[in-house]
Amino acid sequence: MMKSETVQSLVESAKIYQMVTERLDLIDNPAKEELTFESELMELILEFYSGDETDLPVEKLQKFSMMQVMYYLQASHKLYISKTLPEIEQSMAHIQRRYYETPQILDALVLFFNHYKTHFLEHIRMEERDFFPYLKKLHHAYTGGLSGEEITELLNNTSLNQFMDDHDAVEDELRNVSTIIHTYSEDEMIPLPFKVFLNQVELFEMDLRKHAIIEDHVLVPMAQKIEKELRERF
Ligand SMILES: [Fe+2]
Ligand SMILES: [Fe+2]
């Protein structure tokens, strides 16, 4: 018989595998000529998700273009909104139905989560509305799609520093879920549905942390390089 630790780590790796590869179908890559990049990129991402936070394979990721990395991150946004968040909310609804006689912890969780969701969606909206379109324009400019005048205007009106300043660590707050559950449960055993909920939230937190590392340490430097070259030329 397998030791329970082995089973647990198998379950964990299967979960991580599923959670990463699900993004493949969500990638919306308009440049259809490079259809294979997704699976290669996914392998590296999987490696990063299965290892330590410091193990980001920055160098290996350099073989992908800024747009490819951006398509991947956009697919992650889609996954968070269409699947991860609804699943967490579903668990919360289950807990609400099952543990209605302990309103304190439920109220605290619901209150926290509603507030968190607003903050999280605003974070994603900012990237989809401001940051990614700017990267697309940079790419367009870099590949000769904009006139010199248009490039000057683009570089005068926007910069990556604006994005860097606004980019907050939206995952940190999720730790409050654990605090809330442990505070209200004190020494009593934490009921299984709460543990499941906590586990989903912790996985989401890990996902978001790695997502932010890819944004800050892969995507932004790629864009900075292009922006710098354009500023030197125009
Ligand atoms: Fe993001
Ligand atoms: Fe972000």
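The model is predicted. The protein has 9 helices and 0 strands, and two iron ions lie 3.3 Å apart in it, with glutamate 127 coordinating both.

**Overall fold**

- From the N terminus on, the order of elements is α-α-α-α-α-α-α-α-α.
- The C-alpha trace spans about 65 × 40 × 30 Å along its principal axes.
- Of the 234 residues in the protein, 43% are buried.

**The iron ion (ligand 1)**

- Four residues coordinate the iron ion (ligand 1): His77 and His211 through NE2, and Glu127 and Glu215 through OE, at 1.9 to 2.3 Å.
- Along the chain, the donors of this ion follow the spacing H-x49-E-x83-H-x3-E.
- Histidine 77 belongs to helix α4 and histidine 211 to helix α9, so this pair ties together parts that are 134 residues apart in sequence.
- The 4 donor atoms around the iron ion (ligand 1) subtend angles of 83 to 172 degrees, and the arrangement is therefore irregular.
- For comparison, the ideal angle for four tetrahedral donors at a metal is 109.5 degrees.
- Histidine 77 counts as buried because its relative accessibility is 2%, under the 20% limit.
- Histidine 211 also counts as buried, at 5% relative accessibility.

- Glutamate 127 in helix α5 and histidine 167 in the loop between α7 (160-166) and α8 (175-185) are 40 residues apart, and the pair links distant parts of the chain.
- Histidine 167 is buried, with a relative accessible area of 12%.

**The bridge between the ions**

- Glutamate 127 bridges the iron ion (ligand 1) and the iron ion (ligand 2).
- The relative accessible area of glutamate 127 is 0%, so this residue is buried.

**A buried lysine**

- Lysine 210 lies in helix α9.
- At 2% relative accessibility, lysine 210 counts as buried.
- A polar atom of the lysine 210 side chain lies 2.9 Å from the backbone oxygen of glycine 51.

- Rolling a probe the size of a water molecule over the atoms shows where empty space is left.
- The count is 1 cavity of 30 Å³ or more.
- The largest cavity has a volume of about 50 Å³.
- Helices α4 (66-98), α5 (103-142) and α9 (192-233) each supply at least two residues of its lining.
- The lining residues divide into 6 nonpolar, 3 polar and 3 charged.
- Among the residues that line the largest cavity are His77, His123, Glu127, His211 and Glu215.
- Other residues in this lining include Tyr80, Phe120, Ile124, Val170, Glu171, Leu208 and Ala212.

Terms used:
Residues numbered from 1 in each chain as written. Chains lettered and ligands numbered in written order. Predicted model: local features only at pLDDT ≥ 70, side-chain atom pairs only at ≥ 80, totals over all residues. Heavy atoms only, no water. 1 Å grid on protein atoms, 1.4 Å probe; cavity = no way out; pocket = protein on both sides within 12 Å on 5 of 7 lines; lining within 4 Å. Points joined across faces, edges and corners; volume = space filled by probe spheres on them. Helix = DSSP H or I, 4+ residues; strand = E, 2+ residues; numbered from the N terminus. Nonpolar A, V, L, I, M, F, W, Y, C, P; charged D, E, K, R; others polar. Donors = N, O, S within 2.8 Å, 3.2 Å for Na, K, Ca; no water. Tetrahedral: all angles 85-135°; square planar, octahedral: opposite > 155°, others 65-115°. Buried < 20%, exposed > 50% of the residue type's maximum accessible area, 1.4 Å probe, protein only. Polar contact = N/O pair within 3.5 Å; in protein donor to acceptor, adjacent residues only side chain to side chain.
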